[in-house]
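The sequence and the structure are shown first.

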Amino acid sequence: MALASKISPSSPNQYQKWNLHSSSSKLLGLSLFNPNSSDLHLGCRRDPSYRRRTVPLALPRCEITDNEKKEEETKQQSSVSLILDDVNPVGLGRKSRQIFDEVWRKFSGLGQISRTRTDESLDTVLIRGPMCEFTVPGAQDTTVLVVGATSRIGRIVVRKLMLRGYKVKALVRKSDQEVIDMLPRSVSIVAGDVGEPSTLKAAVEGCNKIIYCATARSSITGDLNRVDYQGVYNITKTFQDYNNKLAQLRAGKSSKSKLLLAKFKSAESLNGWEVRQGTYFQDVVAAKYDGGMDAKFEFTETGNAVFSGYVFTRGGYVELSKKLSLPLGFTLDRYDGLVLSVGGNGRSFILILEAGPSADTSQSKFYFARMTTKVGFCRVRVPFSSFRAVKPDDPPLDPFLVHTLTIRFEPRRQRAIEGPSGTNQDLRSFKLIMEYIKALPTGQETDFILVSCTGLGIEPNRREQVLKAKRAGEESLRRSGLGYTIVRPGLLQEEPGGQRALIFDQGNRISQGISCADVADICVKALHDSTARNKSFDVCYEYVAEQGKELYELVAHLPDKANNYLTPALSILEKNT
């Protein structure tokens, strides 16, 4: 990261202006100092007007022999002297920096350990040795699967993970010698194809987290769907199956599994759901002339549970409600929100949660959130944090107290959807096909990091199909129930990381590129950052927008002592995106 800063001088002899900057290793994407730079210690550039002064060193003389005299004359010819920088604290700092840089240069070379080397002790130094000051607490107990480990970003991710002490598994398409030589020796390589679920079981076994960096090698639609969409779906499903298997061995349920609240697969599954209707206000005059309202919830011959009807009454609404029955020992406070698999004609609905003592509903409080559907089938994610109290004075929603779920339709705020020209849409009628309602598991950290793209740098004639496959993969990840982080970098550039400030944005509005090393660093930092869970964001280099067209919400400033710029950058971004 880069940040210009000015420090007032304490005296006229002090340096006048300081620019904080850093340089980086092109190989590892790590922030390093440049030992060949003329800058002073800590990357501070002095004022050009400052002049170096040479101070001759006076040596004591004594009686010496002829041989000693000749040696002394030889030494004097070398003109031994000390410059001011050698006794100046800043100059001493430069010397110490150069010594440190030399040590670091040798240490960073360990990142290039290949499988052709035979020195087994180097892996121990690299992964757990005292030289590794970047070790993350608990990293030795965390195994990360990197999908696409030989990609531009994946290769850097692997080495950053190893430097921080993680155990790394790499999923590659072919485990030939060329691929093996590209990865450090300590990486566990697994050959598999993201398009073939049967080849992924060995890859996810023993893994705690996944970083998905794989991209399609061509713009052929079949290849895009296989890697960017179906590949993400296959990996998430295999990972969930593995977690469920572990939970069964523990005689429990995986903490990453969704909780089924309702599944509409037969006519009996509709029992307990009640259709109601009402009005927000009573308009006696208008009631004489409106067409009324009606709704029904039925299981059709085609095997679908359909909630449909119409509302012609001004201020009227219809709703579908049921008292929830959770399995013994389960409460909704252990979950992050709701996900509904529904279909229909693209209307919006209001979800209402009733919370309070189930034995005394008179003390219940009501909370609502709006849900927008699409034409056809879709899955809608509604986090508990998006629910607002009907009465402003009521406290925030406590999922532990939720006992009733209601789905309400009202004609207000309905928007016409795109359709064939000339088609008339009556926004007062609706149709909602319901497949299931589940609760999404909660968690503090992300489980799956997906590197997607913004479309920058892709040829216009194939950008649409690439983005379509990428967005489908993102959506399958959101539906999986895993804690996710979706990173959409700008145009990838092969240059050192950590040199420029970054912009984190939500809205597909960035226009600059970003180095592969910076993207890799974001992925690694997001593994244990609670602010990164269930968030999607675009990221690129800082740039100056035109006046009146400021596009970004946040610039990540100089990292703190823990080198953690990601937390403040993501803390203000919207969750469950």
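Two strands pair if DSSP finds at least two bridges between them; helices (H or I, at least four residues) and strands (E, at least two) are DSSP runs, numbered from the N terminus. The model is predicted, so that local features need pLDDT of at least 70 and side-chain atom pairs count only at pLDDT 80 or more, while totals for chains, interfaces and linings use all residues. Residues are numbered from 1 along each chain as its sequence is written, and side-chain values use heavy atoms, with hydrogens and water left out.

**Open sheet**

- Six strands form an open sheet with antiparallel pairing, in the order β10-β13-β19-β15-β16-β18.
- The edges are held by β10 (274–279) and β18 (388–389); each has a single partner strand, so one side of each lacks a neighbour in the sheet.
- Six bridges join strand β15 (residues 348–355) to strand β19 (residues 402–409) in the antiparallel sense.
- Glu354 has Thr404 of β19 as its bridge partner.

- Thr404, which lies in strand β19, is buried at a relative accessible area of 9%; buried means under 20%, exposed over 50% and partly exposed in between, for a 1.4 Å probe and protein chains only.
- Neighbours within four places in sequence aside, Thr404 is in contact (heavy atoms within 4.5 Å) with Ser321, Lys322, Lys323, Leu324, Ile352, Leu353 and Glu354.
- Between Thr404 and Phe366, 38 residues apart in sequence, the C-alpha to C-alpha separation is 9.6 Å.

**Pairing of β14 and β17**

- Strand β14 (residues 335–344) pairs with β17 in the antiparallel sense over six bridges.
- Val380 in β17 is the bridge partner of Leu340.
- Strand β17 (residues 378–383) is mostly covered, with five of its six residues buried.

**Crossing of α5 and α11**

- The axes of helix α5 (residues 152–163) and helix α11 (residues 516–526) come within 8 Å and cross at roughly 50°; axes are lines fitted to C-alpha atoms, for helices over the stretch in contact, and angles run from 0 to 180 degrees between N-to-C directions.
- α5 and α11 are therefore oblique to each other, since angles under 35 degrees count as roughly parallel, over 145 as roughly antiparallel, 65 to 115 as roughly perpendicular and the rest as oblique.
- Residues making the contact include Ile153, Ile156 and Val157 of α5, and Val519, Ala520 and Val524 of α11.
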